[in-house]
Structure formats: C-alpha cells, structure tokens
Amino acid sequence: MIGDMIETRIHGRGGQGNVAAAYLLAAAAFEAGRYCQAFPAFGAERRGAPVAAFVRIDATPIHLRSQIRTPDYLVVQDDTLLLDPKITAGLKADGAMLVNSTRSGEEIGAHFDCRAFSVDATALAVAEIGRPIPNTALLAALLTLTGEFPLDALAAALKKRFHGAVLEKNMALIEHAADAAPKGLWARETVDA
Amino acid sequence: MVDDARLADLRRKFGRAPAAPSEPAPAKRTPREAQPRFRGLESGHRACQGCGEALAARLVVECAGPDVMIANATGCLEVFTTAWPESAWRVPWAHSLFENAAAVASGMEAAMKAKGRNTKVLAFGGDGGTYDIGFQALSGMLERYHNVLYVCYDNEAYMNTGIQRSSSTPHAATTTTSPAGKERMGKRHLKKDLLSIIAAHHIPYTASASVAFPQDLQRKVRHAMGIDGPAFLVVHSPCPLGWRHDSRLTIDVARKAVECGLFPLVELERGALTNVMPIREVRPVADYLKPQGRFAHLFSDDVRAQEERDHLQALADYNIQVYGLTGEGQDPADTGGAAAVGRSGRAPRGNDGAARRVS
Amino acid sequence: MREALEGSQAIARAVALCDPDVIAAYPITPQTHIVENISKLVAEGDLHTEFVSVESEFSAASVALGAAATGARAYTATASQGVLLMAEVLFNIAGMRLPMVMTVANRAVSAPLSIWNDHADSMAVRDAGWIQLHATSNQEAVDTTIQAFRITQDTELPVMVCMDGFILTHTLEPIDLPSHEDVRAWLPPLEFDRKLDPADPKSMGMLVTPDFFPEVRHSHHSAMQKALATIEQADADFESAFGRASGGLLTVEGDPEAKIGLVAMGSTVGTMRAGMAHFQAEAGPARLINLRAYRPFPSQALRDAVRGLDHLIVIDRAISPGLGGILGSEVAAVLSSAPDAPRILNVALGLGGRDIPETLYPDLLAAVRDPDAPAFSVFDADLKKLAPEDR
Amino acid sequence: MTILTRGAYGEPGTSLAFKTGNWRSTERPVHIHAKAPCHAACPAGEDQQAWFAKLQEGKAEEAWRVLVAANPMPGVTGRVCPHPCESACNRAALDGALAIHNVERWLGDEAVKHGWAYPVDAPAADAPTVAIIGAGPGGLSAAYHAVRNGLRATIYEAGPEAGGLLRSAIPRTRLPREALDAELERLCALPGIDVRFRQRLGRDVSVEELRAEHAAVLLAPGCQEGWEWSVSGAVPADHHEGLALLKEFMDHGQFPSARRVIVHGGGNTAIDLCRLLKRSGVEEVTLVTASALPGPDTDPADVINVVPRELEEALEEEVAVIEHATVNRLVMRGSRITGAEIVSLKKVPGPGGRKKRVSFEGTERVVEVDMVIPCIGERVDPEGLNGLVKRGYLRPDDAWGTLGEKLYALGDARGDRGTVAEAIGDGARVIGAITARLAGAEPLADGRAEMPASGLNPTYYERLPKAKAPKLPIEDRTFDTEIEGDIGGTATMAEAQRCLSCGDCLACDNCWTFCPDNAVIKTVELARDGSHYLFDLDFCKGCGLCAAECPTGYIQMQPEFAVETA
C-alpha cells in the first residue's frame, strides 16, 4: 500500500458477483470524489470456483497496476472460502475482514487473529431481492464499518448500474445491511485532520 | 432505388448505350468505345489463350456492371487482370488475399449499407479460394446474409500456382499433386459437392452455370443481381493449360461437361432445387474426357483406366438422376435450345431463357 | 464527462464517439468486453454503424479492409491468437494503405495457452506496417483511440491501439469521455481519395513486379517516418482541444539529472511510476521513459530522451526466443549510433500475465548496478521452477 | 517515368496499354467468305443466303432485291426449278433442307403483288446494245442483266409472246399463266429492253447482220426439235415425241386416246407428261427410265433428274415407274402398238469418265401398252444458225457461252443445260462476260471454296421443322389449277430463320460473346468484310475460340505468315 491508498480485496465464487462488487465499490468511491481502480484477478475459472477482485481507492490518481497483496480490507463473500489460507494472506496488521457468514465476527477474528466482522448477507439478499447475491449487502456493511465514504455514494453507484425494481430492492438491501453493522467500527485515524 | 442519373453517367463513360434516346451520344468514339455492352473487363489482360475464367468473368461483369464493386480472391483472375500499373477492370475492384474475398465483400457491403448506397457488391474467387481456403469466410458471409453475389470461377484445380489439386478437382483427374502413376489413377477423392453445402445455408439463390451457355449464365447473374441478400453462382470455366486441351476447345469442353452430366446446371432457391437445364442429348462421359490431357491416363491400356472411366460415368449418371437432367423432347431451355443463336445473337425461336421449373 | 468505467466499456464508447461506418469483430479474451459493449451500444441505438459479427478474426480484419477500401471508417478489435489469425490481413491492409483503427487487448500467444497479458501478439505483427500506439491507462486508451482515427486518415496508415489485456481492459477507473459534439468537431470526416467507387473505378491490391516493389516498401517506410510528426501533432491538437495529452511519441518523467533510466510500454509504465515515487529514497533518482509510439519507432526522440543516462533499463513484455527482448534489441539498435549511449539492461517482465508488483522497481535498479547482471533476462522468472536441464 | 501510386492502385482499363496481340504465334482469325452450298449449287447464281439474311431481319423487299440481283424471275423459278440448292443445303443432315424454293416463290409473288421495283436504272440512250435471239428464260435474263449492267438489249423472238418453254411446255398446274405473265410483263417493261416478236432467225434477221449492228449477239433459241428415237423395229405412224405432245396438249388441252401408256425418259417433260396423261384418264401410265428413284442407297449421280416434288407427286398419283430400264423394241400389231419390250440396264463408268449404258441380256420382257412416248430430249433447230450447230447444239467454248467474236450462246441451246435456272444463270454469265470484255477485261470466275456441312458448328442451330407448302389433294388436281400452294408470309419468315448462313456471317455474336480477350469488336455499321465484327489484333492471342464457335465456318484460323504475305 502506498500513502493513503485503501486497498480492498474481495473474495468470492464465480457467479456471486465478485467483479461487480469490486466495480461497485470503486464506483462508489468515484461518486464520493475519490480516485479508484477496480479489476479482477481473472482466471479461466468457471461458476463456483474461488475468485478474487481488487479495489484501490485514493485521493490522488492511481498509477499502480499490480494485484493487491497487502489489503487494508478483505471482503469474503462466502465463509467456506476461509478454509483456504491464501484468502487471508497479506492482510495488514491493522486491516480488517468482512465475511458473509452466519458465524459471529468474533469467532472468525479469533480464528484468523485479525479484526473481523460478519453479516449474513445471503439471508439479507434473499429477503430483499429474492436471490442469494451477497455483494451489495457486504459493500453497505463495509462502508458503514469503515466510514470511508457515505452510503449515499454506494446508492449513487447503484443507480448508475440498476434501474427499476432491481434498483429499489438493492437500495432497500443496502439500508438493511448498513443497519446490521456498527457505524465507524473500523474507522481509520485521519492522517491530517 | 437505383440512382438513374449516376447509372446513366457510368454507362456513358464505360460504353453502354445511353438509357434514354434524349441523351446525346458522345462524339467521336472508337469502335471499341462504342461497344454495345459494358466493358467491365477490358482487353490487355494476361490470361492464357482460350482462358475460360477470363471469359466467364467478362460475361459476369458485363451484365452486372457498372454499378458494382468487386472483392477478388487471389488467383489467376486477380493476377492476370491487375499487373500494376495496368488494370483490366472498369469497375471498382479490390484484391486482398486468397481466402478472404467473401469477408472483404462483406465489409464492402456493410459500408454500402452504412452509407446508404446501392452499389452491388460482388465477390470473385476460383475454386481454390471458394471450395477450400476461403470456404469459412464464404460460409460466414452467407450466414450473415450480406447482399453479395459470390461468383466462383471453377476451373477445378489451383491453376495460379501451376495446376495443383483442389477439392473441386474431379475424381481421377491428374494434377501436379494428384499425378497418375503406377500406384494412382489421378485424384483419389471426389469433387466436393459445394452447391449442396452452399444451398444448405438457406440463401435465396444458388446456381451453377457454364461458359458454354453464356445467355444462361447472364440470366442467372441478372437474377442474382436482383436479389437483396446473398447469392452464389459457380461457373464452370475450363483452363486449357490445366486441363490440357487445345485453347480453341474451351467452350466445346465446357459444353460437353454439361451434356454428359458431370457438371449439371441447376438453380436452388432457399435450398430447394427449382430449376435445371435439361440435357437434350446426353453424351457419354468419354466425349468430355477425351479431349483433355488431364484424363489421358483413363484411355490407356491399364485395367484401372476403364474402371475409373466407368466410375466417372456413374457419377454423371448419378447427377442426371438426382437432378433430373433428362430432357423431355425439344425444349428451348435445354442444352440444345440454350445454345441456339440466330441473327443478331438471338435464338431463332423465343429462347428467352425461361427454363423448366422443377415441381 | 468523468465516469467510472471499465476500460473495455470506455473503449466501446470512444469508438462510438468517432462515428465508425463499419465495425467487424470476433470475440476473444480479453477483448470480448469491447465487442460486447459495442454490440450493446448498437442494440440500444446509441451507435449507428454496420456491426458485422464475423466468424473469425481473419474475417473481422477482412471485413474492415473491405469497408475501408470503399472509404468507410472502419474499426476492429482483437487480441492474441486473433492478431495472429489476422496477421495476413494486417499486412494487406497496411500494404494497401487503408485507413482504419484496431484495438489490441494485448495478450500472450499460445502455446501453452495463456489468456493473460503480454505483448507477444502485437509484437508478432510489428512489421505489418501498422502504426502501433500503446496506452498506459484507460484514459490514454480512450484518447488514443480518438486520435488514432485522425492519424489513420492523415497518414493513410492503419493504426493499432494497444492496451494491456485485463490490466486495462478489465479495470474500472475514472475516465473522462469527451462529448460527441466535441469529437465530431475535432475529427474531420473521412475523405479517402482512392476509395472504391463506380464513378471512378480504381483497382486495388494489384500485382507489383520487382520493378516497383522496393519503391512500394520504401514509400511505406517513408510514410511511417512522416507519421511520427502526425502522431505528435494529433496529440498536441487533442491536448489543446480537450486539455490532456496521451504521451505524443514518448514521455520522459522523473529526475532529469538521473543516471539511470527505464523504458517501458503500456500499463507497466504506471506501476514503474508508482514504484519510482514510492522507492525514490532507497533506489535513488531515475528517469522513466514511456514509449507510446512503438511503430513508427521514435528513434530520434528516444536518443534525445536518454541523453545523459549511464544505464537504461528496457522493460519488454515479450520475448524473441533466441534473441531476448524485442523492444530492448530495438532500443539498443537505435542507440548504437548515439554518442555516450547508456548501457542497456534488457528485462522481460510480466510474460503471460505474471503480475508486476511495484516492489520490482528497486530490484531493477539494483540489477543495473550489478556488473554481473545479464544483458537480458526474464527478470521475474523463478528458475527454481524449472528442471535443471531446462534452466 | 511511371510514378508509383499510393498502395499501388490502378486506373480503370489501363490494360489497354498492354498489347497481348504479340502472344499470337501461329494463327490468327480471319473472316472468309466461303460459298454456301445452295449458292454453289444454284444454276441461276443466286446467293440464297444473302437474301435469307434479309428475311431473318424481317426485310422482305430487301430480300427480293438481293434475290433479283441474280434471278429476275423468282416467281417462275420458285415454281418450276428442281432446286438443287435444297439438295445441297447443309441443313438437310440436321433437320431437313431449307424450303428455299417455296420462299423464293413467295418473294416473287410479293414483288408482283406490291409492285416492288426491280433494282435497275435506265441505261443511257447511247449505251451499247446487245441483240438476243429468243425471249425464253435465258434471253429474258440476259436482257435484264444487260440493263443492270448499263447496256441496252433487243430481243428477237420468233413467236408472238415471251416465255419460250415456260409458256409452251410447262403445265399450268406447275406454272399458272398469271404468275408467268405478271413477272414477264414487269421484266419486258424495264427501260432499255426492247422485245420484237415474230422475228424469226434466218427469215427476218440474221446472225451476221445483228453482229454487225450490236455490241454482241446472244443466241438463246432453246431446243425445239426432238431427237430421233432409236428403238428396234417399226415405229407407228402416229408416233408422238414427248415435248411436241406436251406443247400440243398445252395448246389444245387434249391427248390422243390411250388406255396404257409408257413414257420413256427421265426428265421433267416425261414426268409432266405422265401426270397429265394420268389425269386425262389414261388407266396405266408407266415411266421407263434408265435412272433410279431417289433412295437412301441410291448414288446421287444415278438419281432421276427431275424436280423431286414432281416425282413425289407423280408417285402419289399412281404413275408407275420402271427404274434402270429402257424401251428396246415396240411390239406392233399392224400400225398399232400392243406392247413394248423393256430391258434392264445400268449406267456404268465408261471411258473418259462418261457413263456407259449396259443392258443385260436375258432381262427382256414385254409390257402390254397401246402408246409409247419417247421423252429423250431435244436439239437446236438449225434454221438461221448455219455452221454454228455441232451435233445438235451450239456447244460454246466456255462457261461464258463464247461462240466467237461478239457471239454467245446460252440456255438449252448450249447442249449442256436443261433447266430454266441454268438458262437464267447463263443470261447473267454471258452479260458478265460481255461487260468485262467491253471494258477490256476477261470475266472472272468465283473461285471461293464451298462451305461443307463439316465446316459448321451445328451446336448453335436450334432444330426447327421445315415449312411445308400446301398441296391440292389428288382428287382435286386438274389441268389448270396450281397444285402446290403458297407457304405464306408467316411460314416464310419462320423458314428464313432456319438458314444456317454457311460460310458467311450470321451476326449471331458468338465471336463477340466468346472472345476471352475482348478482341472482337462489334460494329454498328457493316465492316468492310460484310460482317458486324472486327478482330482487334492488338489483343487477339490467337486462341481460336471464335473460329471453333462460329456456327457458320465464317471465321477460320489462318497461319500468321500466310496472312502477312497474302
């Protein structure tokens, strides 16, 4: 990580909207006036395979194009992925991990010896949009936890991506997901406030 | 919608008589300039004596032109018409590669559509560029339904590179890559049934024609020109050099190919056979084979020679049966009637090319 | 207007801004999103063009050729095997001096199969006679695409816009897309004198005997040389119209007094820029040269850019087995006539999508100082992964 | 200096700068004008193909004008000619010879009907004048051609009317008087022709006087005297020679009564007689001829020399024929014939290429008849021709009819002629020779080769049925009504399309269509060689396709060297 750049790595499975999550997070940052970069670690994998995507957010233009090895945040869309030790590799000491899980964050954090929080994003998604797509719920939770930029930015990004009923359902979903996370739990110290 | 003023201008420029009598005839034209047909393919090209392909291309262009553009595959036709700086064409013409004439034509046609112009696009290829290396691009063009008339000048081998076999080379014919010898009697495989494959694309019009029947050929070109969509025409075009026959026999040999049944003249619409040129008097395949050196080994004492001749006869009989080429008496559209000429080029009795419909 | 866009989507929109008459393309990873986005623009009525979904890259290039021959503005895009399948046509397009633009989403060439980025594909057709411009970011890719349509018209040479597959094509980042009106004002309509036209029926693609073939090639080379100025001018004009440049022929940044320089193309430039900023203290001053124009090769500009350097690291993202780096060899050839030319360290990096982390930057600078470092190496190759006899 | 174009594009049609004519190494195409076989066979010298070409264009009057350039009496020959043109027609092998004869008649009748003017100008008042003896077809033809050639003609005719044999010896069923009169009147009325009737040679005029006063004297007296009939034994008192009998019948409309008649001979007079006799009520009429009936195996030289159609009709009308036979002897009872002894014979090659008749001993048989009419030919009446008649005829030295200084013979009187058409042709030939000699030159024979059927490319001719002329049914045939009818304009035009144009340009466009090199140029006007096409030898590579595909044989490949030196 360079300077004030925030690097997030999102893990999921093919078909879970992993790249979409990365693009949404970056787009939300863009809506919040930040520079951003989101890209997948594309492989030849098919549906169901573990996949990763990367998001860089910064106040200044981003030149670096390498993959993210030492993320500030990890977003894990499926707790079964955690069986693979590579998922959590490189997480900064002061980093944190958001997991879509029915287990508690404490339990997960204890196991991986890091800050962790969990949301049952699948359940929320099924309840709001009727499909088990956890990505927008997790992003909403992440924004709430970090307080990096307001949820409105995510809403704005969603509005550029979705329309009609799908948009409305996702808007409701992020509201509910945001409520499920404690505000500013992972807030960073401002470098020069 | 045809741009009449522009067409008239083109015709004035390139030798077709003015469309309307009110238009003043240009003064002082040489007899060549005053030819009462469109000179799409001009003299001075470098085809061999008696070249069937040069003739076929000239016949096609003179009735398709002048408001056309041509994508030409690599091959004899390309080489002998366009040795820089001398071009024999009087229509816009481009050669790109051996295997992409259909694709280049697709691009031309797309551009015409984009610009709202009606210039018809033609694609020309030999049998190598059509049956073989350009086959994929051709299939793609047909499938995408480009408004292109693809004309294959079929001389049944790679003549441009010096007579190598193609998938259109007839069974038992010798070429430099299918020579006859102690072990072989020429090409082992059959001539590819391209027409069926093309017709299977369900395109509006697929036809075969022959240089021996120019009126029939030009009727088919005119018909295809009127189609808004893909059309395919294969023209049997003897190559005196490659077939090893006397240059004066080009038409004679082409005619015999039709009359013996080895090269049936048929028309298919949307994949269905709709028209054939009946054979008035079916002649034995040997009549066709005999004048051609490429079949000379079939007339040797070798016991296999008779067998291969019988094989070719069987293939011809098969065509006659499958396409129903047996004539019913004298028909103005059969091989006898279609060839007929009279004073001023017209056949003596109402031979307007109306062929027999297949019911 | 600034938007957060995926690179491929941005390219599709940039192409649409240029009002192409005919687009022909065949999908191949990682160019696929470009084709898909173009298809979508067409489907939504946001792009009025003849979009031809061909059956192969070979036909994609051929369709574009046919369209360009009629004076239509033509575009295609491909990558990797697609470039090679097009190869014959690419030489043809250039030889016929047909204007058109192609995006190459750079990708390795198999075997073994690799869908990830390197420059083997466009390098393989470097002698086709196309202009090749590399983009370091998606903004540059967008701007270069627009410029490319002007350059190709002015030079009657086809232009290949190279952007790193995945690294750029699949990266979402903020992009400023000009308005349609502004692009139309900046990009004059295509007037191709030699177009196929029944009213003036020229013949193209003729047979040329040895009597004229060397002259044909000379004129092509000469046109490429003259295109250097056209490329620079287009970028300068673009900058005055839109407020940003894309790097002319090449750009030089970093410490002008530095004794060590780096030459790179494409997205690697960004990573090296980040590395240079981050490791300035420990690695010392350096000069970073972003080579945007690969063909025509800006030989003089490069000689000027390296003046004063002792060492020059040339980063290749391709390899010519048996020789080494391609760009490295060419840079060496070009600088061989320069006085006090720097010593060249040629490295291949990121072949087949191997990630290039910024931490390689100090390693590269360290290697320069190592008198035993080989003149060329696949720098990020781990030889331990090879059987001893294959090392 | 040629400057390279960008991308090496080319300008349209610039290949014209590349002359491929120098690729031609052995042969080049030339237009020949071979004689069509009809033309070669026509005794009247008609170029049938030329007038059929006009008909193919739908131009009947022009066709007639071309026709009468050779034969001024198509209405006559179109009825009486044995049409060797049709026998020679190359179309015969294809789907039947052209009905040239019927078309000729139609054109002749149309000309009369519409009053089409003969293509002649009045000769100058002081033009040289030829004297013609006899106003038969030969004499009339000579007069006509004289006028065509700018001469004047005076005909001295012994009888009161023009027409000669046409009037006296051809039945009206073949040549109605109206048709004959119409054409002869128009002909005799042409400016420059003066016909003087009842002017008998030896009585009213003499050859020597005429020769002194005219540019030339043309003897066309015909043959008026029958040959002696050589049969063994007695000849009856009321013996009738064939031609005399026919003339008598034409004048009086009656034959001596008989029940069974043998006509001995092999010419048209014999056939005419047979048919008239049969029609007049004779029960059995038998033709005894040394020749043979036409058949698939018959040697053409052996075929009976009559109008084929007339023979056909005679057989229809149940005239019996005994081939390869002659009358050897008459069987008499008193002065009355009761039978004839017939013997088989054959013509076999004899010395000097002439046929010799050999009769076969032991084949004699006696046929019961009550009349035998010899029709074995006639000879010249020597009156007024002192010293000119040799062995019955005038026998001139050459085809031009030259008998001596300013003296010519033509028609039957020559001794080697036998048809109206030959006499008409002689008229043209004699005048041709006279015209040439008046100009101080010798006449030239047409040396062109004849185009055989093997020289044609039959592929290009559609099979079309021959036109059939209507005929009176046998029971309606009388002595006055014409038996064969008119084929009509529609059939004429259709028949015209059947002409193959052997050896001459059909204007079919084949050469123009099939030249792969565009080296055949089509012209709007006729080119100098009479075709519509030019060979552009700058581009002709000499492939020979045009010659191979020329339907008519008009295009031939000729060696380059020979052409250059020709």
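This is a predicted model: local features need pLDDT of at least 70, side-chain atom pairs count only at pLDDT 80 or more; totals for chains, interfaces and linings use all residues.
Local features are described where pLDDT is at least 70, and side-chain atom pairs count only at pLDDT 80 or more, while totals for chains, interfaces and linings use all residues. Residues are numbered from 1 along each chain as its sequence is written, with chains lettered from A and ligands numbered from 1 in the order in which they are written.

We can begin with how the chains meet. Two residues are taken to be in contact if their C-beta atoms, placed from the backbone, lie within 7 Å. Helices (H or I, at least four residues) and strands (E, at least two) are DSSP runs, numbered from the N terminus.

Chain A makes no contact with chain B, their nearest C-alpha atoms being 28 Å apart. Nor does chain A touch chain D, where the closest C-alpha atoms lie 41 Å apart.

Turning to chain D itself, an automatic or database domain assignment supplies the domain bounds. The chain is divided into domain 1 (14-33 + 504-565), domain 2 (37-118 + 458-496), domain 3 (129-225 + 379-438) and domain 4 (230-376). The centres of domains 2 and 3 of chain D, taken over C-alpha atoms, are 25 Å apart, and the contact between these domains takes 24 residues from each. On the domain 2 side, α4 (74-80) and α7 (100-114) of chain D are the elements that give two or more residues; α4(D) gives the most, with 5 residues.

Chain D also holds an open sheet of 4 strands, in the order β9-β8-β7-β14 and with parallel pairing; two strands pair if DSSP finds at least two bridges between them. Because β9 (320-322) and β14 (371-375) of chain D stand at the edges with a single partner strand each, one side of each is left without a neighbour in the sheet. The twist averages 20° from one strand to the next. Within this sheet, β7 (260-265) and β8 (284-288) of chain D run parallel and are joined by 5 bridges, with D:I262 standing opposite D:T286. Helix α13 (268-279) of chain D packs on the sheet, touching β7, β8 and β14 of chain D, and its direction makes about 170° with that of β7(D). Axes are lines fitted to C-alpha atoms, for helices over the stretch in contact, and angles run from 0 to 180 degrees between N-to-C directions.

Chain C has an open sheet of its own, with 7 strands in the order β3-β2-β4-β5-β7-β6-β13 and mixed pairing. Its edge strands, β3 (50-53) and β13 (293-295) of chain C, each pair on one side only. Strands β5 (101-106) and β7 (159-164) of chain C pair in the parallel sense over 6 bridges, and C:N106 has C:D164 as its bridge partner in β7(C).

Finally, a residue is buried if 20 or more other C-beta atoms lie within 10 Å of its own, exposed if 12 or fewer, and partly exposed in between, with C-beta atoms placed from the backbone. Buried residues make up 62% of the 359 residues in chain B, a chain with 13 helices and 10 strands.
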